[in-house]
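Welcome, and thanks for taking a look at this one. Below is a short briefing on strand pairing and charged side-chain contacts.

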Amino acid sequence: MANFPVISLEKINGEERSQVLEQIKDACENWGFFELVNHGIAPEFMDKVERLTKEHYRKCMELRFNEMVASKGLEAVQSEIDDLDWESTFFLRHRPVSNISEIPELDDEYRAVMKEFAAKLEKLAEELLDLLCENLGLEKGYLKRAFLGSAGPTFGTKVSNYPPCPKPDLIKGLRAHTDAGGIILLFQDDKVSGLQLLKDGAWVDVPPMRHSIVINIGDQLEVITNGRYKSVMHRVIAQTDGTRMSLASFYNPGADAVIYPAPALVGEESCGELYPKFVFEDYMKLYAGVKFQAKEPRFEAFKNVDTASNVGRVATA
């Protein structure tokens, strides 16, 4: 199997732009994942984000996680647990309205740093969406407009820690799933591994790499690209040693955005529209109950639904 794709953005605006675009195209079409280096976010700043995130976990969340494990008797389980993930998480919403001032126990420095980090990641997400447009033959800005809805995109960060687990064969750090949204940007621990994706029927490690940002395709980009790019099943394997940090930022459509295959990508090779039209909020309501199941039935569920009564402003029209 080919090596996991690692792509440097350093030369995206130089003479080697076409080679970088080709690498991104290949990763999107054949992996659904790739790892970005030289992406423009300063290593020193990423070190600060990591330090403050790990300090916050130790100070504010580690004890609660250990109490949860003890209360459920998870250290002594003898059979596989299929309804629980071995993770400690909280969620920061950035857009359309930030909740960062409402999250308890965040100190002022951490709040400020995460707000700045979110701004940098949002800019990177929009840059990547335009690179995807270029590869797909869509006009610049198409994907960003497809995500707008009436109040702009939805953007948030899931801050997770995966503590050492005594029974990683019986309890997953995070069960296998595809991501429901648009494009996902992950800043992961470079010392403790665990993230895997499913490729050609085999689980492949996403290598920990210092100061990289892992990118993956969500369900909405699969729909908009009419299956050219596909969201991929992935999971986190808990480890027996070390706590793995994960900051996954989701650049998603707005709640009322109408999602459907881009007309320019329909009809190629006479395939027609392979995916239905739906409102993103409706998709998320369905996803909430079936996240850890196959994605195909989610798409099928909307094929016979009349979206006309629910569809307001179509952002890409």
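Buried means under 20% relative accessible area, exposed means over 50%, and partly exposed lies in between (1.4 Å probe, protein chains only). Please keep in mind that this is a predicted model, where local features need pLDDT of at least 70, side-chain atom pairs count only at pLDDT 80 or more, and totals for chains, interfaces and linings use all residues. Residues are numbered from 1 along each chain as its sequence is written, and side-chain values use heavy atoms, with hydrogens and water left out.

- Helices (H or I, at least four residues) and strands (E, at least two) are DSSP runs, numbered from the N terminus.
- Two strands pair if DSSP finds at least two bridges between them.
- Strand E3 (residues 88-95) runs antiparallel to E4, with 7 bridges joining them; Arg95 has Phe155 in E4 as its bridge partner.
- Strand E11 (residues 244-252) also pairs with E4 in the antiparallel sense, over 9 bridges, and here Thr157 is bridged to Ser249 in E11.

- A salt bridge is a side-chain nitrogen of Lys or Arg within 4 Å of a carboxyl oxygen of Asp or Glu, and the whole structure holds 24 salt bridges.
- One of them joins the side chains of Lys59 and Asp107, at 3.8 Å from N to O.
- Lys59 sits in helix H2 (residues 43-72) and Asp107 in the loop between E3 and helix H3 (108-136), so this pair ties together parts that are 48 residues apart in sequence.
- Lys59 is exposed at 59% relative accessibility, while Asp107 is partly exposed at 32%.
- Glu87 and Lys158 also meet through their side chains in a salt bridge, at 3.3 Å from N to O.
- This pair links distant parts of the chain, with Glu87 in the loop between H2 and E3 and Lys158 in strand E4, 71 residues apart.
- Glu87 is buried at 15% relative accessibility, and Lys158 is buried at 17%.

- Glu300 and Lys303 form a salt bridge whose closest N and O atoms are 3.1 Å apart.
- Glu300 and Lys303 both belong to helix H7 (residues 296-303), 3 residues apart, or about one turn of the helix.
- Glu300 is partly exposed, with a relative accessible area of 45%, and Lys303 is partly exposed at 39%.
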